[in-house]
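Opening the notebook on this one. I'll jot down what I looked up, one stop at a time.

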Amino acid sequence: MDAMTSSNDVDLELAAYLRARSTRHAPEGLLDATMVRVESGRQRGWLRVVPQVLDSGSVRQLWTVTRTVAIAIVIGLLSALALMLALVVGSPQLIPPTPTLARPGLITFDAAGRIWVAERDGSGRHPITFGPALDSGPVWSHDGTRIAYVSQHGALAPLEVRVIDERGDNGVTVARVLTDPGPIDWSPNDRNLAFSAKLEGSLLPQLVLVSLDRPEAHSIGPADLGARDPIWSPDGRDIAFERANPEDGLWIIGVDGSGLRRLSTVSGSGEAFRRPAWSPDGRRIVFRAGGDGAHRIFTIDRDGRNERPLDSPFLDNGSPAWSPDGSAIAWTGSAGPGNPPHEIVIVDRDGSNARFLETPPLLEPAVLAWSPDARRLLTFLDDQHTSLVVLDATGRDGPIRIPAASSFGGASWQRLTSP
Amino acid sequence: MERDIVERAQHGDREAFQALAEELINRLYNLAQLMLNDRDLAEDAVQETLVETWRDLPGLRDPDRVQAWVHQILVRAVYRLAKRERRQLDPRRFISANGLTSPDPAISVGDADQIDRGFRHLKPEYRAVLVAKHYLGLPDEAAGIMLGIPAGTVKSRLNRATAAMRAELEAGARARDTVARGWTR
């Protein structure tokens with residue numbers, strides 16, 4: 001272990017070290033030896049006096065009055081809290097301001113069953129979740145204060161969706177008993193999460209929404225939806241997603257379950273329609289369609305009009321991502337089936353002005369995430385050990401590798417909105 | 001843990017206390033040996049903890065919280081014994097990492113030995129907070145209750161403990177490099 005590695009991995013190594021040193025059983029004879037000492041010792045009698053004192057009439061009366069006052073105060077506080085909660089929950093969804101660039105903060109990713117964070121140059125890499133659970137798929141909230149992820153306590157245990165802060169503290173489980181949960185998407189106001197999962201008794205994945213104010217997952221749309229990869233519209237009103245039943249396509253539904261309709265007309269198979277992305281102004285969606293190994297990138301208006309393919313010299317195209325200022329679209333390109341993507345295509349929002357970024361072989365399908373300042377791109381390398389890679393979108397600086405062994409392929413970039 | 005057993009033990013029932021001790025002893029010993037890194041001292045810590053538990057049990061107001069309360073007693077016993085350990089330092093009594101059969105592929109025996117040395121050199125308060133956070137996985141609030149410190153202090157103590165551990169590991173790595181360079185000359 002070199003000095004740098006020990007600095008970065010010390011938390012993880014400590015946890016592993018302590019687990020390795022743990023023991024299930026105390027030495028034989030320890031209990032007996034302890035009980036011999038207990039037999040010869042006496043309990044402190046004066047402590048038993050306290051309940052007897054409290055039984056006396058005057059003290060009991062004082063206690064009753066104090067308790068009544070305390071209960072009244074608690075009821076008052078709870079009523080005020082409930083009123084505030086009702087005002088907050090009952091208010092309409094906030095429409096976010098026009099997206100602007102922001103400073104990039106920490107990158108979060110999963111590796112070896114834990115959630116990690118690192119600076120964008122790979123420094124300060126350390127896990128923020130510990131223990132026996134397998135954690136994956138971390139996603140930053142839009143305000144950059146929380147991370148949502150999927151957690152599983154054991155190979156056969158049901159999965160949970162949890163939310164933590166950047167230190168891994170203040171964890172809360174917002175959904176339980178899930179099967180096959182997909183990537184999580186935060187609502188624009190960071191008060192709700194959307195993901196696909198098979199709920200108890202369902203055979204096809206459903207669209208699941210959960211509010212952080214009242215953590216209780218509920219599905220929207222019909223039970224046979226067969227939904228994957230939901231993404232929230234920037235105004236918070238609709239959710240676009242891949243629907244696999246009865247056939248693959250890009251669909252949209254209102255967050256209240258109304259207005260379910262198909263947007264795309266082009267067909268697709270394999271990884272088509274996976275991980276679509278809204279334009280930051282909420283007017284268009286970028287997605288991929290076409291046959292397996294020969295996918296193309298398309299854009300479409302929110303109402304299903306103007307479905308257009310974007311030109312690419314590559315046979316297979318995937319992982320489209322709209323830049324945070326809406327000015328550009330990036331995606332990965334490969335030479336077809338069996339060939340990992342080895343180049344990133346970046347075009348202007350109308351598909352013009354294509355430029356190309358040569359990369360090491362990339363994992364596919366994978367996250368392709370713009371940094372909040374639209375200068376860099378984050379994705380995974382298709383190497384033996386699985387590494388995250390940070391790419392300079394202009395191609396001037398070389399790629400930065402961040403080790404992420406045994407990753408499930410989840411990564412996200414923190415958006416720093418404060419000055 | 002059955003409330004009935006705790007309540008009977010509170011009223012002086014030694015059989016009930018033995019049943020309670022049987023439930024607690026494996027976990028107590030495990031935590032003590034993790035924090036102290038010394039099996040003999042860990043046994044002493046468990047004995048002192050259970051004797052003190054028996055003595056003060058009548059004063060426990062909420063029998064459902066007996067485990068957290070006993071953990072607090074254990075931590076205090078660990079601190080006391082750790083001070084004694086520093087006065088009577090005998091390296092042969094330490095649990096060596098060389099005998100570890102690590103179930104975790106993230107740690108090799110060589111790394112374990114290095115971590116073992118670093119961990120052993122930490123103050124007992126730092127070892128305790130690292131066990132509470134990295135082994136038990138307790139949130140700050142619960143770790144604070146166990147260690148008898150505010151949750152905010154848990155955070156700062158954990159940061160200092162981790163920094164101290166890193167310093168120990170880096171010092172160890174530098175020492176090894178020095179030895180390695182000496183051998184290759």
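**Sheet in chain A.** I started with an open sheet of four strands in chain A, ordered S16-S17-S18-S19 with antiparallel pairing. My strands (E, at least two residues) and helices (H or I, at least four) are DSSP runs numbered from the N terminus, and two strands pair if DSSP finds at least two bridges between them. The edge strands are S16 (277-278) and S19 of chain A, each pairing on one side only. I then checked S16(A) against S17 (residues 284-289) of chain A: two bridges join them, and they run antiparallel. A:Ala277 sits opposite A:Val286 in S17(A).

**Housekeeping.** I'm working from a predicted model, where local features need pLDDT of at least 70, side-chain atom pairs count only at pLDDT 80 or more, and totals for chains, interfaces and linings use all residues. Residues are numbered from 1 along each chain as its sequence is written, while chains are lettered from A and ligands numbered from 1 in the order in which they are written.

Most residues other than glycine have a negative phi. So I noted the exceptions I came across. A:Asn306 has a positive phi of about 55° without being a glycine; I found A:Asn306 in the loop between S18 (296-301) and S19 (308-310) of chain A. A:Asp229, also not a glycine, has a positive phi of about 50° and lies in strand S12 (residues 227-232) of chain A.

Which of these is buried, and which exposed? I counted other C-beta atoms, placed from the backbone, within 10 Å: 20 or more is buried, 12 or fewer exposed, in between partly exposed. A:Asp229 has 22, so it is buried; A:Asn306 has 11, so it is exposed.

**Helices in chain B.** H1 (residues 3-10) and H2 (residues 14-36) of chain B pack at about 130°, axes 7 Å apart. The axes are lines fitted to C-alpha atoms over the stretch in contact, with angles from 0 to 180 degrees between N-to-C directions. I therefore logged H1(B) and H2(B) as oblique (under 35 degrees is roughly parallel, over 145 roughly antiparallel, 65 to 115 roughly perpendicular, the rest oblique). B:Ile5, B:Val6, B:Arg8 and B:Ala9 of H1(B) make the contact with B:Ala16, B:Phe17, B:Ala19 and B:Leu20 of H2(B) (contact: backbone-placed C-beta atoms within 7 Å).

**B:Ala42.** Last stop: B:Ala42, in helix H3 (residues 39-56) of chain B. B:Ala42 is buried, with 28 other C-beta atoms within 10 Å. Leaving out residues up to four places away in sequence, B:Ala42 touches B:Tyr29, B:Ala32, B:Gln33 and B:Leu36.

Key. Contact = placed C-beta atoms within 7 Å.
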